[in-house]
Amino acid sequence: MSNDKTTDDSPRDDPLENGSSESVDDVGPVDSDEDESVDVDDEPFVDVTDEESSDDGDADSISVGPDSTESTVDEPGDSLIDEDLGSDVVEDSDLEVDEEIAEDDLLGGLKIDSTEEIEVPDRLVDQVIGQDEARDIVRKAAKQRRHVMMIGSPGTGKSMLAKAMAELLPKEDLQDVLVYHNPDDGNEPKVRTVPAGKGDQIIEAHKEEARKRNQMRSFLMWIIVGIVIVYSVIIGNILLGILAAGIVYLAFRYGSRGSDAMIPNLIVDMAGQQKAPFEDSTGAHAGALLGDVRHDPFQSGGMETPSHDRVEPGAIHKANKGVLFIDEINTLDIRSQQKLMTAIQEGKFAITGQSERSSGAMVQTEPVPCDFIMVAAGNLDAMENMHPALRDRIKGYGYEVYMDDTIEETPEMRRKYARFVAQEVDKDGRLPHFTDDAVEEVILEAKRRAGRKGHLSLKLRDLGGLVRVAGDVARSENKEYTEREDVLRAKRRSRSIEQQLADDYIERRKDYELTVSEGAVVGRVNGLAVMGEDSGIVLPVMAEVTPSQGPGNVIATGKLQEMAEEAVQNVSAIIKKFSDEDITEQDIHIQFVQAGQQGVDGDSASITVATAVISALEDIPVKQNIAMTGSLSVRGDVLPVGGVTHKIEAAAKAGLDTIIIPAANEQDVMIEDEYREMVDIVPVNHISEVLDVALAGEPEKDSLVDRLKSITGQALEHELSKGSGSPSPQ
């Protein structure tokens, strides 16, 4: 390479800047393999699409599109793409399973001493527990390169499935992305894609070229400085010579910045990537998601940073040829969702400054490849605030899937839950393995948390938390294995904030005698409610009837939410129908005692309110050793509610011994063993049955209950004569 070329700053000297016929091999040792040389003859700044990648002669690049069914790989077994895109979960065939006891055994007949014997699958897609439909969709979406939207409760495996999709995608077509200085317009940097791993080689080649240029410049500079100083000594003006030497030095230093600006910026580096990229952009701001251009405080005087060096890639660019995962998709602002939709549609998106006040806003690159698969996730409310066009794009070119909260309990699923415990231990890496008794206790907790008979909870993040706490308890005592007692202790230690608050409320009410568990009181009923998702609490309800100055009203206090207000209105309809009292000239006051700042939501206190009001109207006392929960139809039918197990346990903790629940919820009761002997559970179908159990004072109560049964029977016969069926729980 000639010296005049090294010292010349013109753009034509950089083979990657001017589109000349030189290859990267001409500017440095990129790769000795002829097949892996990066040829820049054809449009070096144009985005490389899948078709272009397949035609450039590179053995590493492949074409994978929506219709692709196979890929070219360097080594046998590298590709994870096959007919099924992941086999079904193979149940540990080496483990003994007793089919005779499988149906009743908590481990599904699995004969193990500890989870140490259970083999954990290597691939994430095979580690997914339940969610069979979602897993099949992920496999199909990976094969066809489709977008997916997953909607469901937190902790049900959405992010795990997204990561599993990244494992299923081929890694052989990954690309590095470089940004070059544009000699024609510095504010419009040029973009080029090359096969993964070539970007570093190109950067090193440019740095070597720049180093040689700087060496030649330095050599030439010192020669000129020496000549100037010698000449100044000869003419006898040393001061002038030093000044001239300084000017020469600064001139050369200033000029050397131009050669450094020729080094491209590697914004996406896939070298050494063993699988398709996975980018989690949950909660990302616009710059992190879409790319940004850094602000430059020095914008003139030769001190500024070249614009292409300030370009920062966004998650959409880093996820090129991979998976972009965004949870709580509805939290993205509308402008970001619109730009995200453009990126999905075009498969490329130019990077510009996201701040209008930044100097980066003047910079906009050529379009940067962002051919990713998007996995959007969220709760049910995510669809309400999601940009309709973005959702339509996903729905029209991909899949929507609802994540299950529970799954039917079968011997096979119990065995998979045992494997889940082994997976959590293996993932943590510091926990002692679980004994078979400890695993059984975890599965029992999964049944309780499901809240449905014959089902297991799929909120595995919370269940995994229990496994980790139990393992920590065992580890703190230097146990070889985590035992059942460690799981039981972990259940107490890993209580949610709501559970801790509920227990605190119960204890405080005992101290101040706010929970009455003996005797009988007119117009006062111990209701049951749920805090959060897994914490029961006793919520007393009081009712009082007073003369009204005008038309009678039902007045309820306790910061009632919409559903609770509607439940009170339903109760008032029942009262008007079933009570002999004329309430048109009376006000009925209903108080939810110490409902808290959050107020009361839902309709599970309906039978509680109805019992309290009827007790006040009829002046019949209510037994205070009883607690109750249940919804109520306008015809008096007791309908099922949620959280029955947690409510019963809360009542037991408060010292109440009789619990009234909807008959439809009887199958959902899975209380801890310690509470079974403490309470008597009474299932009911109608308000008359509730009053029969709850009211004291035999003559008055019997008369009221008989009247209600008579009215109910007449109403039912009237409905049947009109051809309607009997009431059924909602």
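How do strand β10 and β13 pair, and over how many bridges? Hi everyone, let's start there. This is a predicted model, so please hear everything I say with that in mind. Strand β10, residues 323-326, runs parallel to β13 in their pairing, and four bridges join them. If you want to find the spot on screen, look for valine 323, which sits opposite isoleucine 373 of β13.

β13 has another partner too. Strand β3, covering residues 147-151, pairs with β13 over four bridges, again in the parallel sense.

Seven strands make an open sheet with mixed pairing, in the order β20-β21-β19-β18-β23-β26-β27. At its edges are β20, residues 554-557, and β27, each pairing on one side only. On average, neighbouring strands are turned by 30° against each other, ignoring direction. Within the sheet, β18 and β19 are antiparallel partners over eight bridges, and methionine 531 faces serine 535 of β19.

Two helices to point out here. α19 packs on the sheet, touching β18, β19, β21, β23 and β26, with its direction at about 30° to that of β19. Helix α20, residues 644-653, also packs on the sheet, and its direction makes about 75° with that of β19.

What about the nonpolar core? The largest one has 36 residues, and Ile590, Phe592 and Ile607 are among those with the most contacts inside it. Several elements give two or more residues to this core, including β18, β19, β21 and α22. The largest share, eight residues, comes from α19. Take isoleucine 607: among the residues it touches are Met628, Leu632, Ile660 and Val690. There is also a second, separate core of 32 residues, which includes Ile129, Val421, Leu458 and Val487.

Arginine 414 counts as buried because its relative accessible area is 6%, and the cut-off for buried is under 20%. A polar atom of its side chain lies 2.9 Å from the backbone oxygen of alanine 102. Arginine 414 also touches Glu103, Asp104 and Asp105, along with others including Glu409 and Ile443.

Notes: Residues are numbered from 1 along each chain as its sequence is written. This is a predicted model: local features need pLDDT of at least 70, side-chain atom pairs count only at pLDDT 80 or more; totals for chains, interfaces and linings use all residues. Side-chain values use heavy atoms; hydrogens and water are left out. Buried means under 20% relative accessible area, exposed over 50%, partly exposed in between (1.4 Å probe, protein chains only). A polar contact is a pair of N or O atoms within 3.5 Å; within protein, one must be able to donate a hydrogen and the other to accept it, and residues adjacent in sequence count only if both atoms are side-chain atoms. Contact means heavy atoms within 4.5 Å. A nonpolar core is a set of buried Ala, Val, Leu, Ile, Met, Phe, Trp, Tyr and Cys residues joined through side-chain atoms within 4.5 Å. Two strands pair if DSSP finds at least two bridges between them. Axes are lines fitted to C-alpha atoms, for helices over the stretch in contact, and angles run from 0 to 180 degrees between N-to-C directions. Lists of a residue's contacts leave out its neighbours within four places in sequence.
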